[in-house]
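This briefing goes through one protein model by topic. Have the sequence and the 3D view open while reading.

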Amino acid sequence: MQTQKRIVIVGAGFAGLRLAQDLEDTNYDVLLIDKNNYHQFQPLMYQVATARLEPASISFPLRKVFQHSKNVRIRIADVLSVDNQNKVLKTSIADFDYDYLVIAFGCTTNYFGNTKMEKYAFPMKSVPEAIQLRNRILQTFEDTLIALPEDLQALMNFVIVGGGPTGVELAGALAEMKKNVLPKDYPDKDFSKLNIYLVENSANVLDVMSVDSQRMSRKYLEELGVIVKTGNLVSTYDGKTVGLKSGETIEAKNVIWAAGIIGNKLEGLPTEIRTRGNRFLVNRCNEIQDLPNVYALGDVAFMVTPKYPNSHPQVASVAIEQASVLAKNFKLKLENKSQIEYEYHDKGSMATVGKRKAVVDLPKFSFQGRLAWFTWMFVHLMLILSVKNKLSIFVNWMFSYFNNDSTLRILLKPAAKK
């Protein structure tokens, strides 16, 4: 009997999870390794940070997903390095042999070498970071009640760096919180001077979307009271004062960094297989250049095609599609059949700014407003893994829709040992 070949998948994001799911009940021994025991749904991370959703709503235990799988196993570990010559992956818990290695561990926050921003600004790339930001936001509102007059405005200023979907959606959520929630929660405090700044280096917010979507999203943000500063770059931040390249300064205790991502590192692989953004150069089958049997998927894969000479956008749909194609290719390997090449089918992009305010770009046309908002909600609900989580999110959204409120504004701080 032929020995099962082992596929080791590093990362349980959209790509890694889909690949493992598609390889269930095949003649492969699949090992899925992640530093967390859950899959996190990043597109809704900002709703955790603004107390609209609980972390459990957008997190899915990996062992629950693969409860009934006969060939997929889970290990929770930090990946340290790879010895490709001997086909060994070294982790914090053990060394694992592999026949095929799939790198799908995604990206981390890119501060573009700005060490002060890295020290003082708040990132939002993981569930723990979203919880940390939620605690910071809620604690800030409490601190405004007792702040000295000279310190108050710095607390009242929120600066979001980056005008992509994450920055736009977070700015909209904070603006709605200012409008609908804070007057009810703090009737003894005037939050009219609470300012939300959105700073973007490009000429427009949502720079990769259509002109109509850029224009309408900015209009929605400004209607909500967000101060949008495009064509501007944050150059310095010392924990209290934000310095812009234009020379302007903003006193702010809360700066949220949503300006860029960079691929995670894996020691042991040659540097020449990496390109900008710390991404792996891969062929049309997602195999890393000059590294047979080692693959990269999703945000860390840089694939050049005639349609996409600068590689594909770093979005969930690309990661999921690449994983599905790679799973088909692994199955074809078992039958000694030819591999198929990946071709991205652009399904469009979207972003929400607030209640009944969203923008959607489809391949042939774009639309904005109420219909776009319902479309955004439907698509994101469909992408959520479990029925229970879909229902939980839907109920929270409906409650928020009719009441302009949420019931999740709870400060949860880690307990200190005595």
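Two strands pair if DSSP finds at least two bridges between them; helices (H or I, at least four residues) and strands (E, at least two) are DSSP runs, numbered from the N terminus. By that rule, strand 1 (residues 5-10) runs parallel to strand 9 and is joined to it by four bridges. The model is predicted, so local features need pLDDT of at least 70 and side-chain atom pairs count only at pLDDT 80 or more, while totals for chains, interfaces and linings use all residues. Residues are numbered from 1 along each chain as its sequence is written, and side-chain values use heavy atoms, with hydrogens and water left out.

**Strand 9 and its neighbours**

- I7 has Y100 of strand 9 as its bridge partner.
- Strand 9 also runs parallel to strand 21 (residues 294-296), with three bridges between them; in this pairing V102 stands opposite Y295.
- Strand 9 is covered on both faces, with Y100 and V102 buried on one side and L101 and I103 buried on the other. Buried means under 20% relative accessible area, exposed over 50%, and partly exposed in between (1.4 Å probe, protein chains only).
- L101 lies in strand 9 (residues 100-103) and counts as buried because its relative accessibility is 0%.
- L101 touches V8, V10, V82, L89, N293, V294 and Y295, leaving aside residues up to four places away in sequence. Contact means heavy atoms within 4.5 Å.
- V102 also lies in strand 9 and is buried, with a relative accessible area of 0%.
- The contacts of V102 include I7, L19, L326 and F330, not counting residues up to four places away in sequence.
- A296 is 195 residues from L101 in sequence, yet their C-alpha atoms are 8.5 Å apart in space. V102 and A296 are 194 residues apart along the chain, with 5.6 Å between their C-alpha atoms.

**Nonpolar cores**

- A nonpolar core is a set of buried Ala, Val, Leu, Ile, Met, Phe, Trp, Tyr and Cys residues joined through side-chain atoms within 4.5 Å.
- The largest such core has 88 residues, and those with the most contacts inside it are L19, L44, I58, V102, F141 and F330.
- Helix 7 (residues 165-185) gives the most to this core, with nine residues.
- F141 touches F158, M177, L182, Y186, F191 and L194, not counting residues up to four places away in sequence.
- A second, separate core holds 30 residues, including L31, F96, L101 and V300.

**Cavity and pocket**

- Rolling a probe the size of a water molecule over the atoms shows where empty space is left.
- On a 1 Å grid over the protein atoms alone, a cavity is a set of points where a 1.4 Å probe fits but cannot get out; a pocket is an open set with protein on both sides within 12 Å along at least five of seven lines; lining residues have an atom within 4 Å of a point.
- Grid points are joined across faces, edges and corners, and a volume is the space filled by probe spheres set on the points.
- The whole structure has one cavity of 30 Å³ or more. The largest cavity holds about 350 Å³ of space.
- This cavity is lined by 26 residues, with R52, E176, K355, S400 and Y401 closest to its centre.
- Helix 7 gives the most to the lining of the largest cavity, with seven residues.
- By class, that lining has 11 nonpolar, nine polar and six charged residues. Ala, Val, Leu, Ile, Met, Phe, Trp, Tyr, Cys and Pro count as nonpolar, Asp, Glu, Lys and Arg as charged, and the others, Gly among them, as polar.
- The second largest pocket has a volume of about 260 Å³. Its lining has 13 residues, of which S59, F60, P61, S386 and N389 lie nearest the centre.
- Strand 4 (59-61), helix 3 (62-65) and helix 11 (387-403) each give two or more residues to the lining of this pocket.

- Three strands form an open sheet in the order 19-20-22, with mixed pairing.
- Strand 19 (274-275) and strand 22 (301-303) each have a single partner strand, so one side of each is left without a neighbour in the sheet.
- Strand 20 (residues 279-282) and strand 22 run parallel, joined by three bridges.
- Strand 14 (residues 234-237) and strand 15 (residues 241-244) pair in the antiparallel sense over three bridges.
- Their hairpin has three residues between the strands, and G239 takes a positive phi near 100°.
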